[in-house]
2 protein chains.
Amino acid sequence: MTGPLVPTAGASCRLRPVTTARIEGGLLAERRRVNGEAAIPSGPERLRTAGNLQNLRIAAGERSGELRGPVFMDSDVYKWLEAAAWEYARAPRPPLLAVQRAVTAMVAAAQRADGYLNSMVRERYRDLPWSHEHYCAGHLMQAAVAQSRATGDQALLEVAVRFADHLVATFGPGRTEDVDGHPVVEMGLVELYRETGRADYLELARWFVEARGHGLVERHGHEPTYFSDRVPVRDQQTVEGHAVRAVYLAAGAADVALETGDVGLLEALRRQFAHMLATKTYLTGGLGSRWEGESFGDPYELPPDRAYAETCAAVGGIQWAWRMLLATGDAAYADAAERMVLNGFLAGVSLAGTEYFYVNPLQLRAGAHPDENRSPAHGRRGWFDCACCPPNVMRTVASLGAYLATTDEDGIQLQMYAPSTVETGGVRLAVETEYPWDGVVRVRVLESPEREWTLSMRVPPWAQGAVLQGDGVEAGGYAQVRHAWRSGDVVELRLPMTVRVTTAGERIDAVRGCVALERGPLVYAVEHPAADDLAFAGVTGADFRPGLLGGVTVVGLSAWVRVPEERPWPYGPDGSARPGERAEVEAVPYFAWANRGIGPMRVWLPDGRRPDGVTGR
Amino acid sequence: MTGPLVPTAGASCRLRPVTTARIEGGLLAERRRVNGEAAIPSGPERLRTAGNLQNLRIAAGERSGELRGPVFMDSDVYKWLEAAAWEYARAPRPPLLAVQRAVTAMVAAAQRADGYLNSMVRERYRDLPWSHEHYCAGHLMQAAVAQSRATGDQALLEVAVRFADHLVATFGPGRTEDVDGHPVVEMGLVELYRETGRADYLELARWFVEARGHGLVERHGHEPTYFSDRVPVRDQQTVEGHAVRAVYLAAGAADVALETGDVGLLEALRRQFAHMLATKTYLTGGLGSRWEGESFGDPYELPPDRAYAETCAAVGGIQWAWRMLLATGDAAYADAAERMVLNGFLAGVSLAGTEYFYVNPLQLRAGAHPDENRSPAHGRRGWFDCACCPPNVMRTVASLGAYLATTDEDGIQLQMYAPSTVETGGVRLAVETEYPWDGVVRVRVLESPEREWTLSMRVPPWAQGAVLQGDGVEAGGYAQVRHAWRSGDVVELRLPMTVRVTTAGERIDAVRGCVALERGPLVYAVEHPAADDLAFAGVTGADFRPGLLGGVTVVGLSAWVRVPEERPWPYGPDGSARPGERAEVEAVPYFAWANRGIGPMRVWLPDGRRPDGVTGR
C-alpha cells in the first residue's frame, strides 16, 4: 500500500483509489528517490537538534530540561513517522524501520495512562484554539495508519487508538464541547475509523466538523475567521482565514461526507472548492495570499510577490481535491490536484530533497530583503523554527503514488501520468511516458481478466487537440476506451505540449497586463538577473535539457530588457520605462526555481507584445 | 504657539518654523474644528473605557485591579495630552484645561520617586525591544513640551524632566547600553532639550540614535530589521522594517542633526528619504506596504489593496519631512509633507473627526471581509485595541498650523496654503485662498517693517504653468518676490488645477496598466458599487460641491463598467472582461472616502483608453 485514504466498503465513493500504483521513473520517481534517500533519513537528526525528540523524553519523564519550540512540536515527529512509513512501502530498508520503531517507542513512552499525549501542553484543553492538541492527535493518527498499512507494525496504531478513545470519551455532545483551532484531527479520525472499523471515531470526526462555526473559538476570546470557525461548514460559501486550517478542515469534512454519504455536506464543499479555484488560487495552485494570518485573502487578492502559498496549504489542497475527486468522479478535481502537485507543492522542496520553502511566491525582486525566518529571499532552508512544512513535504512526496489512479465498477481511471505500474482487480497496466516533458502517454496492458472494462484517461482542460488512438478527444474530463482487454494491448494518448501564453482574469488586479507561460501541466518561471525589468515579447521554443536541473524542458522566450527610469518620485504623467534591448531568455518549470542560487524570479511577465509595444502595458 | 519643533538659536537650520501661524478657514480649519470640538473632548472617556487612566491609578497605588491593554497604554494618554495642549492654543477653553490638568495629575501620581514612569511594566528595562518604556517616555516629553508652550502649565514638564533625568542617569555609554524597540524618545529628548536647555537630553538622544544598528536588539534574541536596528542610522541606505518605528527614528535623528549640525547624519537621512520617496511611498504619501510586521516592503512593493499605510506612519512621515525641510530648505520635503498631510494622513480620520482608520489602503474590493480589528473593511472606527492612531491624529490635526510657513534671514516662505495669518518678525500676512479646491493664493501684507525681504511661495512640482503676479514660474521649488513691502501689498500666485491622469513607474508591478487621478495636491478615489470592474476612459471635468462631504471638488470621469467573466478557473489564453456599458462616475478626494458608508473603492483604475480599448490593459 503506497498512500493514505482508503475509503471503507460502505463509503459513498464514485471512485476508489488504487493504493498499489507504483511510480517507476521520471520526474516524480526522482523526487521520491531523494526524499527517501536523503530527506527522510535526515529527519531524526533534525528532530533531535530542534528538540522534538527531547520534548517527548521530557514528557515521558526520561529526561529533565526545558521544552523547546512551538506548541505543535509533536506533530513534526508524527509527520516524519508517516513519511518513513510510506517510504518503507517504496523501498523497505531495515535501518529506516529500526529508527521508525525507536521513534515510535519514544512517542509511546510519552503517552499518559488515559491515552492523552502531548509533550508541550501543561494544562489540557485549556486553550484549544491555540494549543494544537487535537492537531497533534490528528497527525499521530495519520502516521499510525500509515505505519500499519505500509509496515504492518501496530505499535503506533495502538498509541493512536488509545488517544482516540480518550478523545471520544472527552469530547462531543454532553461531554467537552470544544474544537481545536487547527483542524486535521477530522482526517485523522476518519482514517483511523477506516483502519479499525471503530464507528465512534467517525462520529467524533463528524461532530468536530459540525461543531465549527457556532462560536466555540470566540468563547475563548478569539476572532473566529482565522480558525475556520466563523461559519458552519455546511453554510460556508468560500475558503477564508488561515489557509492550512481551512483546507485541512475541508479535506476532513470531505472524508466525513465520503464515509457518511452526507450529500448536503459534500455539496457545501463542492461550492467552497469552486469558489477557491475561481477566486483564491494562484496559477501555480498555491493557496493563501496573505502573510498576515497565513490566510486566504479576499476574492481576487492574489499578489505574486507577497503570495504566501504555504507549502503545507498545497499539501492540504491536494488532500482536499483528491477526496472531492473520489466523492464526485469529476476530473476537474484531478486537474486541480495535478496543478498543485507539480507546481505549488513541488516548488516547496529542493531538487536535492533536503531544503524547503515555507512560502512560495510567484515573484521575487532583485535584492529582496529576507527579514524573517520564512522569507523566500533566503532561498530554501533545511528546517524552520516553525517546521510544519519539511516533514509535510516528506510524507506527501513519499505517498504521491496514491494519486495516480482510481477505479470504479466500470474500470480504471488514470488521473496523473508518470512512468508507473497500476495494479487493481486483476488488471496490471504499465504506463509509459515522459510526461510532463512529453505529451505521449502509452498504456500497456500487462494483465487483464477476460471481461470488458473501460480505461479512462484524464485529458486536462489545457489539452486542446488531444488525440486518443488516432481520434481527437475533448479537453477536460476523461477519454475512454471500453474493451475486452488482453495482455499486450496498448492505448496511446497524445496531449499537445504547446507552450501556452496565459493571462489572468481582469479582476486579478495584481497581474494586470502580464502573461505567464505554461506547458502541459507545468507553470514556468523566469530566473534572470534583470527579471524585474523584463517584458514578454514572444515564445521562441521549448527544449528538453537533460543536464539542467535534473532534466527539465525549458521554454525559450524573447523579452525586452527595459531600462527603468530612476525618478525621485515614481508617479507622473508617463510611467513607461524605456524599451531597452531585446534578450533571449529561458524559463524553467516553476517547481525547479531557486535551485541555482536565489535571485530575481517572475512567473508573470509584463506583456510587451502590443503594437505600441515595449512597455509591457 | 501652535505646534511642536522649535529649534534652538544655535541649531543648523536653513529655515525656521513660524509657530504662530494660524489656520483661519477652509478644509484644514474645519478638520481642526471637529478635532477640537468633538474628537479631543471625547478622548478622556475613551481613555477611561479602554483602561488607560485606570492603569495609571493602579500604578499610583490609588486603585487595585488588573492592568489592561497593550504595554504602551500610557502613550495614548500622553498623545491625548499633547493634542489637548495644541487645541488649547487654537481655542482656549477652561473645561478642556481642567481635564488636561486632572489627567496630568494622574500621570504625575504614577511617577516613581526616582523619575521612572510606566504603568504597565513590572520589571524595568528587562525587555526594551518590546516594552516601549522609552517610547512612552518620548511621548510624555512631547506632550509636556506642548503643554508648556501652549498653556504655560509646567506640571507635565516637571514630570518629563524627572523622567528624562532618570534616563540620563540610567542609559548611555558606561551605563545601561540599550535602546527601545520603538523609537520616539529621540524626538522627545531633543524637544525637551529645546524647552529646557538641558544639553544632556540632546546628548542622550544623540546616543540613542548612534547606538542603533550595533546588535543591541539582537542581544535580546530578536531579528533586528523590524526594530530599525539592523544597520547604523548613518550607514542605512533605505527605510525598512516597521514603518512607524523607522520614520520616528529618522525624524528623531533629523532633530539630532538639526541641533548638533551633524552633516554626515543629515546626508544619511537625505539619502534614506530619497530612497523612500522613489521606491516605497504610495501615491497618497502612505508609508509601509506590509501588514506583516506593519513594515516597509521591498522597493516597488506597493500593493494598493493590501497597503498598510498606517495612519501613524503618515504622522511620522510628516514629522520627518518637516525636519528635513528645516535642515535643508529643499522645497521637495514640503511637497512630500503636503502630500502626506492632505492624502495619506487626512484619510485616517472621518469628517466628523471621531472615527479613524488604522490602515489606509488604496483599494477596497466589494465584499472585502473584515477579519480583524484594524481591517479597513470595517470602515473607520472610534478606537482600537491598539489605539496608537486616534490620539496621534488628534495631536497632529491640532498642530497642523505649525506646517504652514517658515522663515530665514531673507524672508518668509509659505509652505502649505490655507486661509491663514502668518505673523513673524514684525511681518503680518493674510493668506487668502480656496486651496486645495482652487489654485489662486493671494497673500496680503497686513504689516511689515520698513526693509526689503523676500516672500517665497512654494510651487509644487505638479503645478506646471503656475503664474506669480502675471509671470510664469517654474514648478518645483519657490517662486520669490523681493520687495520693500508695505501694508496693503498683495501678491497672487495661480497654481493650475487641471485634473492630472497619473501613471506609476513600471517597477511598481501592482498597479501596472492603471491610472490615478490627481488635482492640485489631492489624490482622488472612486467609490462606486462597481469599482472592482471600472476601467478609466477619460476625465470629464471637475466641480466644487459645497454640500458634498463637507464641501469638496469632485472629478468627473467616464468609465467602462466591465462585465467580468465568471470562469471556474480564472486563467487562460484570454483574460479580458467584456467591455460593458459606459458610465459617468465621480471621484472624490481620497481623504474623504468611506464617509458615506464603506464599500468598493479604487485610487488606481485600469486604463481603458487604449485604441483596442475597453479591457483596461
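Mentor: Strand 15 of chain A is mostly covered, with 6 of its 6 residues buried. Buried means 20 or more other C-beta atoms within 10 Å of the residue's own, exposed means 12 or fewer, and partly exposed lies in between; C-beta atoms are placed from the backbone. Strands are DSSP runs (E, at least two residues), numbered from the N terminus. This is a predicted model: local features need pLDDT of at least 70, side-chain atom pairs count only at pLDDT 80 or more, and totals for chains, interfaces and linings use all residues. Residues are numbered from 1 along each chain as its sequence is written, with chains lettered from A and ligands numbered from 1 in the order in which they are written.

Trainee: Which residues point one way from strand 15 of chain A, and which the other way?

Mentor: In a regular strand the side chains alternate between the two faces of the sheet. Here A:C514, A:A516 and A:E518 point one way, A:V515, A:L517 and A:R519 the other, and all are buried.

Trainee: How many bridges join strand 14 of chain A to strand 15 of chain A?

Mentor: Two strands pair if DSSP finds at least two bridges between them. Strand 14 (residues 499–504) and strand 15 of chain A are joined by 4 bridges and run antiparallel. A:R500 has A:E518 as its bridge partner. Strand 15 also runs antiparallel to strand 22 (residues 605–606) of chain A, with 2 bridges. There, A:C514 partners A:P606.

Trainee: Which residue takes a positive phi in the hairpin of strands 15 and 16 of chain A?

Mentor: A:G520, with phi near 60°; the hairpin has 2 residues between its strands. A:R519 has A:L522 as bridge partner, and A:E518 stands opposite A:V523.

Trainee: Why is strand 16 of chain A largely enclosed by the rest of the structure?

Mentor: Because 6 of the 6 residues of strand 16 (residues 522–527) are buried. A:L522, A:Y524 and A:V526 point one way, and A:V523, A:A525 and A:E527 the other. Strand 16 also pairs with strand 21 (residues 601–602) of chain A, antiparallel, over 2 bridges. A:E527 has A:M601 as its bridge partner there.
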